[in-house]
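Here's a quick briefing to read alongside the model. Have the sequence and the 3D view open as you go.

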Amino acid sequence: MAEALIIVDVQNDFCEGGTLAVTGGAQVAAEISEFLEDNHAEYDAIVATQDWHIDPGKHFAESPDFQTSWPVHCVAGTPGAELHPDLDTDHIEARFLKGLYDDGYSGFEGRLGEPERVGILEGEKGIRVEPGDVVSSTAPDLDSWLRSQDIDAVTIVGIATDHCVRATALDAAENDYRVRVITDLTAAVDKDQLEETYEELREAGVELLILEDL
């Protein structure tokens with residue numbers, strides 16, 4: 001069984017100081033880095049997802065309800081959309097960008113991209129790479145990429161437990177992967193709803209673990 005680690009949305013805007021900060025986000029970034037240092041060789045692939053919003057429509061709102069609408073966050077090409085500096089990216093081999101023109105909660109909505117190219121001058125004419133240029137409509141989505149690597153199991157960590165981690169885990173289960181979530185390597189928007197989220201994941205066949213279980 002080949003297994004991938006999926007690091008969901010550990011981005012500046014979702015950590016303390018960001019426009020949609022989740023309490024404990026920066027700590028999760030650092031703890032994932034420690035986990036990678038000790039365990040990266042256990043995985044056949046390690047990937048990250050990132051919100052990469054260009055025009056996500058009603059996902060952004062001046063008066064958000066924090067359920068289906070949110071403050072402006074993770075705008076493509078801005079510092080807020082970058083991975084948090086406490087997240088060690090040395091072992092991340094692919095990034096999947098999602099939510100360009102929609103909500104983009106699940107990592108499985110993302111396509112392979114190269115966010116680090118933004119702002120670079122390319123070609124003989126030195127044309128500046130724009131945020132929309134770094135992910136092609138023909139690039140593989142996360143599911144296609146995982147299957148090309150013969151991955152059939154995924155472990156998921158990141159932000160936020162009750163939104164993008166949840167959606168990514170549910171989609172992974174729907175796509176017939178064996179799915180595990182390491183809960184103490186995640187951070188939640190609404191801790192009061194965590195048990196409801198956990199129950200939904202369990203019902204979908206997702207295994208919930210803590211680091212001590214590994």
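What follows covers the sheet, the helices on it, the core and the aromatic pairs.

This is a predicted model, where local features need pLDDT of at least 70 and side-chain atom pairs count only at pLDDT 80 or more, while totals for chains, interfaces and linings use all residues. Residues are numbered from 1 along each chain as its sequence is written, and side-chain values use heavy atoms, with hydrogens and water left out. Helices (H or I, at least four residues) and strands (E, at least two) are DSSP runs, numbered from the N terminus.

**The sheet**

- An open sheet is formed by 7 strands in the order β4-β3-β2-β1-β7-β8-β9, with mixed pairing; two strands pair if DSSP finds at least two bridges between them.
- β4 and β9 are the edge strands, each pairing on one side only.
- On average, neighbouring strands of this sheet are turned by 30° against each other, direction ignored.
- At the β4 end, β3 and β4 pair in the antiparallel sense over 3 bridges, and R95 has G113 in β4 as its bridge partner.

- Axes here are lines fitted to C-alpha atoms, for helices over the stretch in contact, and angles run from 0 to 180 degrees between N-to-C directions.

- Buried means under 20% relative accessible area, exposed over 50%, partly exposed in between (1.4 Å probe, protein chains only).
- Those buried residues of α3 pack against β1 (3-8), β3 (94-98), β7 (153-159), β8 (178-187) and α4 (194-203).
- After α3 comes D176, whose phi is positive, near 70°.
- β8 is mostly covered as well, with 8 of its 10 residues buried.
- In the largest nonpolar core, which has 66 residues, I7, I32, L146, V154, I156 and V179 touch the most other members; α3 gives the most to this core, with 7 residues. Such a core is a set of buried Ala, Val, Leu, Ile, Met, Phe, Trp, Tyr and Cys residues joined through side-chain atoms within 4.5 Å.
- Leaving aside neighbours within four places in sequence, L146 is in contact (heavy atoms within 4.5 Å) with A4, I6, F108, I151, V154 and Y177.

**Aromatic pairs**

- Rings of Phe, Tyr and Trp (its six-membered ring) pair if their centres lie within 6.5 Å; planes under 30 degrees apart count as stacked, over 60 as edge-to-face and the rest as tilted. The count by this rule is 4 aromatic pairs.
- F66 and W70 have ring centres 5.9 Å apart and planes at 90°, so they are edge-to-face. F66 is partly exposed at 38% relative accessible area, whereas W70 is buried at 4%.
- F108 and Y177 make a tilted pair, 5.9 Å centre to centre with 45° between the planes. This pair links distant parts of the chain, 69 residues apart: F108 is in the loop between β3 and β4 (111-113), and Y177 in the loop between α3 and β8.
- F108 is buried at 9% relative accessibility, and Y177 is buried at 6%.
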